[in-house]
Structures are given as C-alpha cells and as structure tokens.
Amino acid sequence: MSKFEGRIAVITGGAKGIGESIVRKFYDEGAKIAIIDVDAAGAQQLALELDPSGNKVIGLGCNIVNRPEVKAAFEAIAAKFGTVDILVNNAGITRDAIFHKMTEKQWDDVIAVNGKGLFNCTQEAWMIMKAQKYGKICNLSSTNASGEAGQANYAFTKAGIIAVTKSLAKEGGRHNINVNCVRPGVIDTEMMRAVPENVLEDLVNKTAFKRMGTPSEVADTVAYLCSEEASWVTGEELLVAGGFMYR
Ligand SMILES: NC(=O)c1ccc[n+]([C@@H]2O[C@H](COP(=O)([O-])OP(=O)(O)OC[C@H]3O[C@@H](n4cnc5c(N)ncnc54)[C@H](O)[C@@H]3O)[C@@H](O)[C@H]2O)c1
C-alpha cells in the first residue's frame, strides 16, 4: 500500500519549488491534497496537471498571513475532503539584507509569512487533528536557523520554527499528533537563485557532495516524517543538507 492512501494533506506554498515536489511525492504516495499558495494560478495549474478530475487535488489561492483567508481555505478543504490528516508548513520567504541596511518592512514581511503564516495554518489544522486524534505536521526550517549574514530576519523565523516544532510536539502527543521539522540547505529552487553567484558557489563547496540538493530530496524526507514509519519521531529537526553542516 502507498504511504498516504486515504490521507488528506494540506501543503502550503505548494505551487513551486520544494512545495511542488512535496505535492508530487504525496500524490504519488496516494494522498488527497490541498495546495495552498498565494500564487492561486500556480496552485490551480499544478492541481489540474496532476488530477484533471479535481477529485484528489485542489489548488487554493490564499495568503497564509491573512487569517480570514486561511480560515476560508480550511473550510473549503473540509467541504471537499472532510478532514485534514497532514499539514506541511512549507511556504516561506526571504528578504535578505545586511543588518544595518535591513528595512523594517523586510523584517516584518519575513516574520509575517514565516511566523504568523505558520501559526494561522497550524492552528486551523490543529483543531481538526485534535478532534480526530490523528495528525502529522512537518515544518520547513532551514540550516540558516543557526544564523547567516544578511538573513537576521529569516534566521529569526527559522530558529523560531524549530522551537515551535518542539513545543507543539510536547502538546501534540496526547492528541496523537506528531510534529517535526526539516532543515534543508542549498536546495536548487528560485529562492536560491536570489543568492549572488559567488556566494552560491561558496555554499555548494561547503556541502559534502559539492552540489545543490534537489527539491525532491527534501520531499522524500518530509514524506518519511509524515508517514507511519516515523510514528515514534516527534519534536525532531532533521538536517537535509548534504553535509553542509552537522548538529
Ligand atoms: N531553497 C532552499 O535552499 C531552502 C533552504 C532551506 C529552507 N528552505 C525553506 O523551504 C521552503 C520552500 O522554499 P523554496 O525554496 O521552495 O521557495 P520558493 O520561493 O521556490 O517557493 C515558495 C512558495 O511559497 C509561496 N508563498 C510565499 N508567500 C506565501 C504566502 N504569504 N502565502 C502562501 N504562499 C506563499 C510562493 O508563492 C511559492 O509557491 C521555505 O520555507 C524555505 O524557507 C528552502
């Protein structure tokens, strides 16, 4: 049997990049999926490509920072699929700047999407998971949760995501909810294309394999953490970074 047969998964930021790979992996493993993305057209296009019938995959336009939009999305998901078993908090942004040049807007925007957005989606899913006594949550942190020049705002949120993961894992056990996070590093997506070439070369050279990781390599790890194979794993932060760093 496939890993996620009969399961309903919500994947934020699923229109492209790592999120898109997670959507494809979960679909291949039998899940019914709701893609939530501020890029409504991208989410709907991917849903249509995978499942033209619209019975197994839906794409919903939603800015996760906006609670009424998130509430409406979860209502639409409940109406379509009946429940939520898995939440992957993947949507995230960078607004890099060296600290003395960082604007208040750059700071606030990153905290809004990576922090408030995760809170909004998780609380909506949590109510459902708690009531049904089953849930798997996987959050996307980063190697840069340990700090990176030009990313004080991003590192702040990604370190916070590790702390939220561990806190919710403690709360979730009694409701049969597993909460884990992955810490990807140097993954070949549009986000990395914003990094200057010389900096990217340096990052690649710091990996053990001297290459960028692929979004599907992250998706495989996320799928493991959301599966029954990881039923005794909770509050964990798993580096998916090709030896870029160790814990
Ligand atoms: N690429 C990497 O090397 C890397 C490394 C570590 C962690 N990550 C994390 O992985 C996750 C995915 O990164 P990626 O590289 O695929 O990024 P990406 O920029 O390629 O894709 C991000 C997706 O999130 C969506 N999104 C952005 N803001 C949103 C909002 N307010 N509401 C709903 N959707 C929104 C975008 O439309 C897009 O589809 C992020 O959380 C990122 O921090 C990436």
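This is a predicted model: local features need pLDDT of at least 70, side-chain atom pairs count only at pLDDT 80 or more; totals for chains, interfaces and linings use all residues.
Student: At what angle do the axes of H1 and H8 cross?

Tutor: Two packed helices are described by the angle between their axes and the distance between the axes. The axes of H1 (residues 17-28) and H8 (residues 215-225) cross at roughly 55° and come within 8 Å. That makes H1 oblique to H8. Helices (H or I, at least four residues) and strands (E, at least two) are DSSP runs, numbered from the N terminus. Axes are lines fitted to C-alpha atoms, for helices over the stretch in contact, and angles run from 0 to 180 degrees between N-to-C directions. Under 35 degrees is roughly parallel, over 145 roughly antiparallel, 65 to 115 roughly perpendicular, and the rest oblique.

Student: Which residues of H1 and H8 make the contact?

Tutor: From H1 come Gly17, Ile18, Ser21, Ile22, Lys25 and Phe26, and from H8 come Pro215, Ser216, Val218, Ala219, Asp220, Val222 and Ala223; contact means heavy atoms within 4.5 Å. The residues of the contact of H1 with H8 divide into eight nonpolar, three polar and two charged. Nonpolar covers Ala, Val, Leu, Ile, Met, Phe, Trp, Tyr, Cys and Pro, charged covers Asp, Glu, Lys and Arg, and the others, Gly among them, are polar.

Student: How do I read the pair H1 and H2, and at what angle do their axes cross?

Tutor: The axes of H1 and H2 (residues 40-50) cross at roughly 25° and come within 12 Å. That makes H1 roughly parallel to H2. H1 passes H2 in a right-handed crossing. Glu20, Val23, Arg24 and Tyr27 of H1 meet Leu46, Glu49 and Leu50 of H2. The residues of this contact of H1 with H2 are four nonpolar, no polar and three charged.

Student: And how far apart are the axes of H3 and H4?

Tutor: The axes of H3 (residues 67-81) and H4 are 9 Å apart, and the two helices pack at an angle of about 35°. The crossing of H3 and H4 is right-handed. On the H3 side the contact is made by Arg67, Val70, Lys71 and Phe74, and on the H4 side by Phe119, Asn120, Cys121, Gln123, Glu124, Ala125 and Ile128. In the contact of H3 with H4, six residues are nonpolar, two polar and three charged.

Student: How is the face of a helix read, and which residues of H7 are buried?

Tutor: An α-helix has 3.6 residues a turn, so residues three or four places apart point the same way. In H7 (residues 197-206) the buried residues are Leu200, Leu203 and Val204. They cover an arc of only 100° around the axis, which puts them on the same side of H7; the arc is that of the directions from the helix axis to the C-beta atoms. The exposed residues Asn198 and Glu201 sit on the face of H7 turned away from its buried side. Buried means under 20% relative accessible area, exposed over 50%, partly exposed in between (1.4 Å probe, protein chains only).

Student: Against which helix do the buried residues of H7 pack?

Tutor: The buried residues of H7 pack against H6 (190-193).

Student: What is the phi of Lys133?

Tutor: Most residues other than glycine have a negative phi. Lys133 has a positive phi of about 55° although it is not a glycine. Lys133 is in the loop between H4 (104-132) and strand E5 (135-140) and, at 45% relative accessibility, is partly exposed. Lys210, also not a glycine, has a positive phi of about 55° and lies in the loop between H7 and H8.

Student: How many residues apart along the chain are Cys138 and Cys226?

Tutor: Cys138 and Cys226 are 88 residues apart along the chain, and their C-alpha atoms are separated by 6.7 Å. Cys138 belongs to strand E5 and is buried at 0% relative accessibility. Beyond its neighbours within four places in sequence, the contacts of Cys138 include Leu87, Val88, Asn180, Cys181, Val222 and Cys226.

Student: Where does Ala230 lie?

Tutor: Ala230 lies in the loop between H8 and strand E7 (237-240) and is buried at 0% relative accessibility. Leaving aside neighbours within four places in sequence, Ala230 is in contact with Asn178, Tyr224 and Leu225.

Conventions:
Residues are numbered from 1 along each chain as its sequence is written. Side-chain values use heavy atoms; hydrogens and water are left out. A crossing is left-handed if the near helix is turned anticlockwise from the far one by less than a right angle, and right-handed if clockwise.
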